[in-house]
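Open the model in your viewer and keep the sequence panel beside it. Each stop below gives you something to select, then says what is there.

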Amino acid sequence: MSNQLVIENVNKQFGAVQVVKHVNLSIPEGKLVCFLGPSGCGKTTLLRMIAGLETPTSGRLTMAGKDLTNVPACERDFGMVFQSLALFPHMSVAGNIAYPLRLRKVDKQSQEKRVDELLQLIQLPHMANRPVAQLSGGQRQRVAIARALASAPKLLLLDEPLSALDAKLREAMQVEIRLLQQRLGITTIMVTHDQREAMTMADVIVVMEQGRIAQIGSPLEVYRDPVNEFVADFIGLGNILPAVPNGDQRVRLAGGQQIDISGSRKISDGQEIRLLIRPEDVCLKISEAVGHKDLQSSIRNDNNNCLPGQVSFIRDVGSSLEATIDCSGFSLTVATSPREVPGLAIGSQVLATLPPHACKLIDASPGRLAA
Ligand code: ATP
């Protein structure tokens with residue numbers, strides 16, 4: 001039978017403050033779902049309600065059709081890893097992993113067998129007897145996950161499990177957890193405020209804003225087709241430019257530039273819109289190299305979408321390069337590489353082309369534009 005978790009119109013109020021608002025969500029089985037959003041948007045509270053550590057003010061949670069809303073945490077069969085990990089530092093690795101099995105009074109032999117399996121899974125069989133206090137951050141992380149998996153939970157809940165790790169180890173653990181989750185096929189929900197982490201690990205991202213779900217989609221959907229300015233801004237770098245509709249497939253930017261877009265969007269009267277273009281979609285050329293005559297024809301050929309500008313800032317990290325281009329009325333961030341635009345420097349005169357298919361119109365306020 002399906003073990004799908006369904007969240008129906010769940011609300012949570014602390015005193016007079018409503019921190020989770022009308023959340024409706026189905027968690028697909030076997031997938032990794034990330035709750036992503038800025039600090040205070042309610043993602044941990046939502047996770048804690050799923051875990052049974054908070055009770056919804058209204059709404060319900062079901063799994064396999066069974067109402068879970070008032071089932072205590074210890075009866076839900078979910079594994080949880082907290083930000084703090086909450087391991088027992090002086091207990092051994094094996095002792096920590098066996099802890100939930102001891103609580104459930106699993107017999108000694110089955111405990112040992114399960115602990116051995118999990119030690120293999122997290123690749124720490126040689127550390128079974130070492131006290132947790134003598135492990136590295138990444139090893140502790142793995143032990144916490146093994147402990148959460150000990151009683152073969154139906155759902156794995158991870159609350160910012162990597163936030164205490166340094167950047168490099170954090171990236172390595174993102175891959176490790178993702179591979180483990182895929183190998184076991186265990187339905188997992190992870191809370192994070194790090195959009196790169198969500199993009200790297202998730203099958204589905206649930207973007208939250210002020211207690212509500214702003215968008216649900218695959219990492220690419222939310223990156224490529226955000227429903228509004230909030231999501232566009234939260235998911236990765238983006239150029240989000242105030243724009244005014246000027247005909248069916250054209251907008252006017254702050255400096256008066258006309259930009260063609262492909263695909264029409266219905267825009268209602270008075271609706272405030274933005275033009276979104278991701279930095280890697282902007283094509284950059286040094287205009288001195290193009291020459292004045294070529295520049296004019298290039299502007300004509302690209303259907304208005306070729307904007308002259310000047311480089312005001314460069315962040316060159318070797319493999320990639322990010323440039324800020326001052327155009328008249330606004331600036332653009334462009335991601336490129338030193339190889340693609342050799343000789344690019346602060347002060348360079350450039351041409352930035354915005355391909356019509358990469359230009360998306362988004363709503364300045366929450367709510368999806370009708371396609
Ligand atoms: P962060 O990333 O900072 O953990 P979050 O998105 O997980 O943020 P929550 O921890 O769910 O946010 O908190 C949402 C709001 O609810 C915050 O304003 C927080 O102060 C408030 N809150 C959370 N728990 C309680 C509580 N037990 N009592 C009162 N207010 C609470």
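A residue counts as buried under 20% relative accessible area, as exposed over 50%, and as partly exposed in between. Keep those cut-offs at hand, and remember that this is a predicted model.

**Stop 1: glutamine 310.** Select strand S16, residues 306-316, and pick out glutamine 310 within it. Its relative accessibility is 36%, so glutamine 310 is partly exposed. Now show its contacts, leaving out residues up to four places away in sequence.

**Stop 2: asparagine 239.** Go to strand S11, residues 239-245, where asparagine 239 sits. Is asparagine 239 buried or exposed? Asparagine 239 has a relative accessible area of 3%, so it is buried. Beyond residues up to four places away in sequence, asparagine 239 touches Leu275, Leu276, Ile277, Arg278, Pro279, Val282, Ser331, Leu332 and Thr333. Zoom in on threonine 333. Its backbone nitrogen lies 2.6 Å from a polar side-chain atom of asparagine 239.

**Stop 3: the ligand.** Select the ligand and display its shell. Around it are Phe14, Val19, Pro38, Ser39, Gly40, Cys41, Gly42, Lys43, Thr44, Thr45 and Glu160. By class, the shell holds 4 nonpolar, 5 polar and 2 charged residues. Helix H1, residues 43-51, gives the largest share of the shell, 3 residues.

- Cysteine 41: a polar backbone atom, 3.0 Å from a ligand oxygen.
- Lysine 43: a polar side-chain atom, 2.8 Å from a ligand oxygen.
- Threonine 44: a polar side-chain atom, 2.6 Å from a ligand oxygen.

On its own, the ligand has 630 Å² of accessible area, and the protein covers 56% of this.

**Stop 4: two backbone angles.** Most residues other than glycine have a negative phi. Select histidine 22, in strand S2, residues 17-27. Its phi is positive, near 50°. Histidine 22 has a relative accessible area of 45%, so it is partly exposed.

Finish at glutamine 210. With a relative accessible area of 59%, glutamine 210 is exposed.

Note on methods. Residues are numbered from 1 along each chain as its sequence is written. This is a predicted model: local features need pLDDT of at least 70, side-chain atom pairs count only at pLDDT 80 or more; totals for chains, interfaces and linings use all residues. Side-chain values use heavy atoms; hydrogens and water are left out. Helices (H or I, at least four residues) and strands (E, at least two) are DSSP runs, numbered from the N terminus. Buried means under 20% relative accessible area, exposed over 50%, partly exposed in between (1.4 Å probe, protein chains only). Contact means heavy atoms within 4.5 Å. A residue is near a molecule or strand if one of its heavy atoms lies within 4 Å of it. A polar contact is a pair of N or O atoms within 3.5 Å; within protein, one must be able to donate a hydrogen and the other to accept it, and residues adjacent in sequence count only if both atoms are side-chain atoms. Accessible areas come from the Shrake-Rupley method with a 1.4 Å probe; for residues, only the protein chains shown count as cover. Ala, Val, Leu, Ile, Met, Phe, Trp, Tyr, Cys and Pro count as nonpolar, Asp, Glu, Lys and Arg as charged, and the others, Gly among them, as polar.
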